[in-house]
Amino acid sequence: MSTVLIIGAGPNIGLAAAKRFASAGYKVAIASRTAPENSEYRHFVFDAAKASTVPKLFSDVTIAIGAPKIVIYNAAVRKPADVEDPLSLSLDDFEYSMAVNTTSSFIAAQEAVKSWAQTGTKGTFIFTGNVLNVRYLPTVSGALAFAMGKSAAASLIQGASHGYKGKGYKFYYVDERKEDGAPVFGARNGEAHAEHFLKLVDSLEQGPWMQTFVKDKGYTEFNELHGQ
């Protein structure tokens, strides 16, 4: 049985992914600051704001249930800021936001690649994204720092998808949309994400790194300004 590590085990996407991958026969490790109530999955205490602890998380998971073949980075934070003064965000809040949304995802991808190389595994790394890497939302409080974090993570995924393609490693930035391409905002569907994650994992080849998808429809290209 292969292991999936889900970083950011929230009650929506995180736990839906855990349930779906468990049903598909995976050993499931979930990582978050606090354990979900009544969870049946192996939990590891982890704070995504502390990027230096990512290597220990991977080591702990490997020792406990096996090296992760699949890594789903679902941790995220948006610190509020005045929409008419987006640069008013404090340095502490900015650094916290970037640590959760970008730095820890970079280290997680780095650790995943190290693990796959050591075990001879062709693994998959999935980042839960949103529209902010291609479309700024000026009426959303804290959108500036959040967009910077998501955009940097999207670049990470794009670069890694090209750099490691020859090794069989897959990298995806997953963003759920409405049928017209509009963002779903708080209406993200956990089960739809989980199903799309599993399809990406089951695919033998790297697909488009930016996976915009629509519930019950799957991958949908919206011809936005990004390169594949």
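**Entry 1: the whole chain**

I began with contacts, meaning heavy atoms within 4.5 Å. Among those between residues at least 6 apart in sequence, 66% join residues at least 24 apart. I noted the ground rules next: this is a predicted model, local features need pLDDT of at least 70, side-chain atom pairs count only at pLDDT 80 or more, and totals for chains, interfaces and linings use all residues. Residues are numbered from 1 along each chain as its sequence is written, and side-chain values use heavy atoms, with hydrogens and water left out.

I looked up the secondary structure. The chain has five helices and eight strands. These are DSSP runs, numbered from the N terminus: helices are H or I with at least four residues, strands are E with at least two. Along the sequence the order is β-α-β-β-α-β-α-β-α-β-α-β-β. The radius of gyration is 17 Å, close to the 17 Å that the globule rule gives for 228 residues, so the chain is as compact as a globular protein of that length. That radius is taken over C-alpha atoms, and the rule is 2.2 Å times the number of residues to the power 0.38. Along the principal axes, the C-alpha atoms fill a box of roughly 50 × 35 × 35 Å.

Of the 228 residues, 52% count as buried. Buried means under 20% relative accessible area, exposed means over 50%, and partly exposed is in between (1.4 Å probe, protein chains only).

**Entry 2: the core**

Which residues have the most contacts inside the largest nonpolar core? I found Leu5, Ile7, Leu57, Phe58, Tyr73, Phe125 and Phe171, in a core of 36 residues. Such a core is a set of buried Ala, Val, Leu, Ile, Met, Phe, Trp, Tyr and Cys residues joined through side-chain atoms within 4.5 Å. Several elements supply at least two residues each, including β1 (3-7), β2 (27-32), α2 (54-64) and β6 (170-177). The largest share, seven residues, comes from α3. A second, separate core has 24 residues, among them Ala16, Ala17, Phe21 and Ile126.

Beyond four places in sequence, Ile7 touches residues including Ala31, Phe46, Leu57, Phe58 and Tyr73.

Is Thr102 buried or exposed? Thr102 is buried, at 14% relative accessibility. I placed Thr102 in helix α3 (residues 91-119). Apart from neighbours within four places in sequence, Thr102 is in contact with Ser97, Met148, Gly149, Ala152 and Ala153.

Lys79 sits in the loop between β4 (68-73) and α3. At 22% relative accessibility, Lys79 is partly exposed.

Pro86 lies in the loop between β4 and α3. Pro86 is partly exposed, at 31%. Pro86 touches Ala81, Tyr136 and Leu144, residues up to four places away not being counted.

**Entry 3: phi and the chain end**

Most residues other than glycine have a negative phi. I looked for exceptions. Phe185, in the loop between β6 and α5 (190-202), has a positive phi of about 55°. Asp216 has a phi near 70° and lies in the loop between β7 (210-214) and β8 (218-219). Asp216 is exposed, with a relative accessible area of 75%.

Lys217 is in the loop between β7 and β8 and is exposed at 54%. Last, I looked up Glu221, in the segment after β8. Glu221 is partly exposed, at 34%.
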